[in-house]
Amino acid sequence: MSRLGRIPVSVNGVRISGMGVRSVNVSRKQTQKIHKFADGSRDRSEGQPEYTFSFQCALDADKQALLAAIEDAKATGEVNIGYTLGSDEYLLIDCGFDREDDGDLTISGIAPDRLKVR
């Protein structure tokens, strides 16, 4: 799922005032496995989903505000990031961050779960 515009973001339930991101990209990956049995039958099982995400900020000041909120949240424990797309609101649980690009003002990472809050 990828969306563009001025998207409100919160970290651990606190909305970052005066700031939004211009692009949110969230991907869901869920491993699938086919089991082939000796009697010739087959079955499918699936693993638990995991999510990768990236937020692209419009301004360097917005990126710095988001990074500061993330660092504050890390100091208290788990980082949960909420974002709103249209009338839907989502929450990425226990976020970990694997990349920060200055050129396009992007922050990306992974999360074990995403909840639709509203």
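Leaving aside its neighbours within four places in sequence, with which residues is Gln-30 in contact? In this predicted model, Gln-30 is found in the loop that runs between strand 2 (14-29) and strand 3 (32-36), and, once those neighbours are set aside, its contacts are with Glu-46, Gly-47, Gln-48 and Pro-49. The side chain of Gln-30 also makes a polar contact, at 2.7 Å, with the side chain of Arg-28.

Aromatic rings were examined next. A pair of aromatic rings is described by the distance of the centres and the angle of the planes. The structure holds four aromatic pairs, and one of them is the edge-to-face pair of Phe-53 and Phe-97, with 5.8 Å from centre to centre and 85 degrees between the planes. Phe-53 lies in strand 5 (residues 50-57) and Phe-97 in strand 8 (residues 96-101), so this pair ties together parts that are 44 residues apart in sequence. Phe-53 is buried, with a relative accessible area of 3%, whereas Phe-97, at 25% relative accessibility, counts as partly exposed. The rings of Phe-55 and Tyr-83 have centres 6.1 Å apart and planes at 70 degrees, so they too form an edge-to-face pair; this pair links distant parts of the chain, as Phe-55 belongs to strand 5 and Tyr-83 to strand 6 (residues 81-85), 28 residues apart. Both Phe-55 and Tyr-83 are buried. Ring pairs join Phe-53, Phe-55, Tyr-83, Tyr-90 and Phe-97 into a cluster.

How values were computed:
Residues numbered from 1 in each chain as written. Predicted model: local features only at pLDDT ≥ 70, side-chain atom pairs only at ≥ 80, totals over all residues. Heavy atoms only, no water. Helix = DSSP H or I, 4+ residues; strand = E, 2+ residues; numbered from the N terminus. Polar contact = N/O pair within 3.5 Å; in protein donor to acceptor, adjacent residues only side chain to side chain. Contact = heavy atoms within 4.5 Å. Phe/Tyr/Trp six-rings, centres within 6.5 Å; stacked < 30°, edge-to-face > 60°. Buried < 20%, exposed > 50% of the residue type's maximum accessible area, 1.4 Å probe, protein only.
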